[in-house]
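I opened this model to look up its charge pairs, its cover and a few backbone angles. My notes follow the coordinates.

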Amino acid sequence: MSGPPGGARAWLTRIVTNALVLAGGGVAGIAWELGVLRGLADADPDLAARILAAELVVGTSAGSSVAAQITSGVPLDDLYAAQLRPETAEIEVDVDLEQLWADFAAVLAGATGAAEAGRRVGAFALGAPTVAEPVRLAAIDARLPRKQWPERPLLIPAVDALTGELTVFTRDSGVALVDAVAASCAVPGVWPPVTIGDRRYLDGGVRSGTNADLAAGADRVLIVTPAPPGAPQPAGSLDDELAALAPGRGFVIGADQPSVEAFGVNPLSPATRAPAARAGRVVGAARAAALADFWR
């Protein structure tokens, strides 16, 4: 698909020292990423504070929810603690991910390019039975402790369901933060595409689960992704995105085996929140020393 539209390029031409990239991964991914950040704070509070203050934040799908939360001004301790509470506005959904990936593979068979692939997934998503869009928006709204865009640059990628092209929402897009996050979290075949103006939008993970190339130009880029090292992404390539950064400027924190086990067979289930948060906290604490050497 195409690179960032004009609004995103405007952010990328700024001098950015530190960028934080938060990847997709369902409800479990939200909890795990917050757990990673909490674990970094356990091991090195100053490091965690500098990570949370990154000049540029890129959030895809689940990562867009985390990005909106950590840039809201709400303390990280509170955000993490919320993942441990059983009360939640998240919607329980019974999804067979293996079947969903098989459906995607069938839809994409024979696609001649990324844009065509995006259009095919868009058609699949538009025809899939899901909860009503307002129901889903209410669940996303409940994730956001603050409804306004932050002052610092926040990039939220989504995919146009009709054209298959990348759209990057920013505070200058004239789009409500909750709509941008909902669009980036609209998993095809599970959640409804999100209506913004006269367009419908899909999960930013349709383009890439990480979209780390949107941070190209930053001196240092931390990528937090709830996937094991080397695991293939359903779309995009983290290796290619790392190559788009200057050599040695990307640092990846991925999931370990206990984290994968915490995610279970359905990382979209709210039941994964507490186990995933705790597993992420362990990973964050374990990676803090290596990250401190990188994030100077």
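**Conventions.** I am working with a predicted model, in which local features need pLDDT of at least 70, side-chain atom pairs count only at pLDDT 80 or more, and totals for chains, interfaces and linings use all residues. Residues are numbered from 1 along each chain as its sequence is written, and side-chain values use heavy atoms, with hydrogens and water left out.

I computed 45% helix and 12% strand over residues 21–216. Helices (H or I, at least four residues) and strands (E, at least two) are DSSP runs, numbered from the N terminus. The end C-alpha atoms of this stretch are 11 Å apart.

**Salt bridges.** I searched the whole structure and found 13 salt bridges. The criterion is a side-chain nitrogen of Lys or Arg within 4 Å of a carboxyl oxygen of Asp or Glu.

I took Asp42 and Arg38 to begin with; their side chains meet at 2.5 Å, N to O. The two residues are separated by about one helical turn, because they are four residues apart in helix α2 (residues 26–43). An α-helix has 3.6 residues a turn, so residues three or four places apart point the same way. For cover I call a residue buried under 20% relative accessible area, exposed over 50%, and partly exposed in between (1.4 Å probe, protein chains only). Arg38 is buried at 15%, while Asp42 is partly exposed at 36%. I also noted that Arg38 and Asp42 belong to a network of salt bridges with Asp77 and Arg281.

I then looked at Glu151 and Arg171, whose salt bridge has an N to O distance of 3.8 Å. Glu151 sits in the loop between α8 (133–143) and β3 (154–160) and Arg171 in the loop between β4 (166–169) and α9 (177–184), so the pair ties together parts that are 20 residues apart in sequence. Glu151 is exposed at 65% relative accessible area, and Arg171 is partly exposed at 33%. I also checked Arg171 against Gln148: they are 23 residues apart in sequence, with 8.6 Å from C-alpha to C-alpha.

Arg296 and Asp293 form another salt bridge, at 3.1 Å, N to O. Both of these residues are exposed.

**Charged patch.** Which residues form a negative surface patch? I noted Glu92, Asp94, Asp96 and Glu98. Patch members have over 30% relative accessible area and no salt bridge, and like charges are joined within 9 Å. Asp and Glu count as negative, and the charge is placed at CG of Asp or CD of Glu. Asp96 lies in the loop between α5 (76–84) and α6 (97–108). Its relative accessibility is 48%, so Asp96 counts as partly exposed.

**Helix α4.** Is helix α4 enclosed or open? Nine of the nine residues of α4 (residues 62–70) are buried, so the helix is largely enclosed by the rest of the structure. Among them are Ala62, Ser65, Val66, Gln69 and Ile70.

**Positive phi.** Ser61 has a positive phi, near 55°. Ser61 lies in the loop between β2 (56–59) and α4, and at 7% relative accessible area Ser61 is buried. Asn211 likewise has a positive phi near 55°. Asn211 is in the loop between β6 (199–202) and β7 (220–224), and is buried at 0% relative accessibility.

**Helix α12.** Pro275 is in α12 (residues 273–294) and is partly exposed at 36%. Ala286 and Gly29 are 257 residues apart in sequence and 18 Å apart, C-alpha to C-alpha.

Conventions. Patch = residues over 30% accessible without salt bridge, like charges linked within 9 Å, V, L, I, M, F, W, Y side chains within 5 Å. Areas by Shrake-Rupley, 256 points an atom, 1.4 Å probe, with all protein chains shown as cover.
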